[in-house]
Amino acid sequence: MKIFTDSGCDLPKSYYEENDVVLLPLRVQLNNKEYEDVISIDSKEVYDGIRQGAQPKTSQVSPELFLKHFEELAKNEEEGIYIAFSSELSGTYSTAQMIRNQVLEQYPSLKLVIIDSKCASLGHGLVVEEAVRLRNLGTSFEDVASRISAVAPQIEHLFTVEDLDYLAKGGRVSKASAFLGGLLSIKPILNVEDGKLVPIEKSRGRKKALNRMLDLMQERGGNFTNKIVGISHSDDMAFANEAKASIQERFSPQAVQITMIGSAIGSHVGPGTIAIFFTNKSYEG
């Protein structure tokens with residue numbers, strides 16, 4: 001069984017090869033050059049570029065890449081699951097569906113399930129990791145697809161950004177909100193609801209924002225003893241480690257994993273973002 005995902009999941013580069021996952025990179029344009037996220041650009045380059053005034057742009061996985069992999073899957077008569085970045089944040093899921101339908105015309109026996117994770121960054125990554133775990137246990141293709149479709153909506157996302165201007169440039173928050181937030185050191189707390197980015201609260205300063213995020217974790221996550229918590233950051237490992245220590249002290253989860261937010265998502269959130277991901281109370285591991 002082949003597992004496909006795109007770079008919206010923010011798993012480290014080494015993960016894909018070590019776990020036999022096919023990476024479909026989103027694309028990033030920086031200083032008039034186009035790169036493949038993870039493959040030909042490192043997210044640190046994007047953050048350094050933003051700090052120097054660059055405004056990177058992103059685009060979805062190329063249709064040609066989908067076609068190549070989906071045709072290969074059909075020709076090899078293999079089964080495949082593609083776990084996609086939220087359809088509310090990227091057109092990649094829709095393009096994959098279109099290419100799948102195109103390949104089905106020529107290869108009616110194509111066994112490919114495309115799942116809209118409605119997740120982003122390491123929230124999406126946790127779903128991919130669960131698919132790999134199930135596949136490695138020998139779970140059937142149908143059961144992996146079913147299980148992943150059920151798990152994805154149970155992933156919680158909580159995050160705060162260092163500078164609202166980055167989200168304003170991408171049309172995620174109003175420019176007026178960004179201006180006032182900058183003046184008052186207000187840090188928005190955002191989450192993802194049904195795949196969409198939704199601001200839920202504001203805190204004065206990062207420390208208070210992190211503490212409030214931990215309160216929300218407790219409300220939404222319940223008992224963390226058997227849960228893996230994901231943390232992603234945009235070039236601020238010190239703050240990510242601070243968050244990890246606070247989470248371990250307060251919740252004693254099974255594990256906490258940290259990754260850097262990749263170039264595609266990082267282009268929109270900018271440096272200094274911290275995000276926390278976990279399964280909610282309805283999750284049954």
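Predicted model: local features only at pLDDT ≥ 70, side-chain atom pairs only at ≥ 80, totals over all residues.
## The whole chain

The chain holds eleven helices and 13 strands. Its C-alpha atoms fill a box of roughly 60 × 45 × 30 Å along the principal axes. The radius of gyration is 19 Å, which agrees with the value near 19 Å for a compact globule of 285 residues.

Buried residues account for 53% of the 285 residues. Now take the contacts between residues at least 6 apart in sequence: 75% of them join residues at least 24 apart.

Three strands make an open sheet, in the order 4-3-5, with antiparallel pairing. Strand 4 (33–36) and strand 5 (57–59) are the edge strands, and each pairs on one side only. From one strand to the next, the twist averages 25 degrees.

Look at strand 3, residues 27–30, beside strand 4. The two pair in the antiparallel sense over four bridges. Arg 27 stands opposite Glu 36 of strand 4.

## Helix 5

Helix 5 runs over residues 121–136, a stretch of 16 residues. From first C-alpha to last, helix 5 reaches 23 Å, close to the 22 Å expected at 1.5 Å a residue.

Residues count as buried when their relative accessible area is under 20%. Just after helix 5 comes Gly 138, with a positive phi of about 85 degrees.

Note on methods. Residues numbered from 1 in each chain as written. Heavy atoms only, no water. Pairing = 2+ DSSP bridges. Axes fitted to C-alpha atoms, helices over the stretch in contact; angles between N-to-C directions. Expected span 1.5 Å × (residues − 1). Rg over C-alpha atoms; globule rule 2.2 N^0.38 Å. Buried < 20%, exposed > 50% of the residue type's maximum accessible area, 1.4 Å probe, protein only. Contact = heavy atoms within 4.5 Å.
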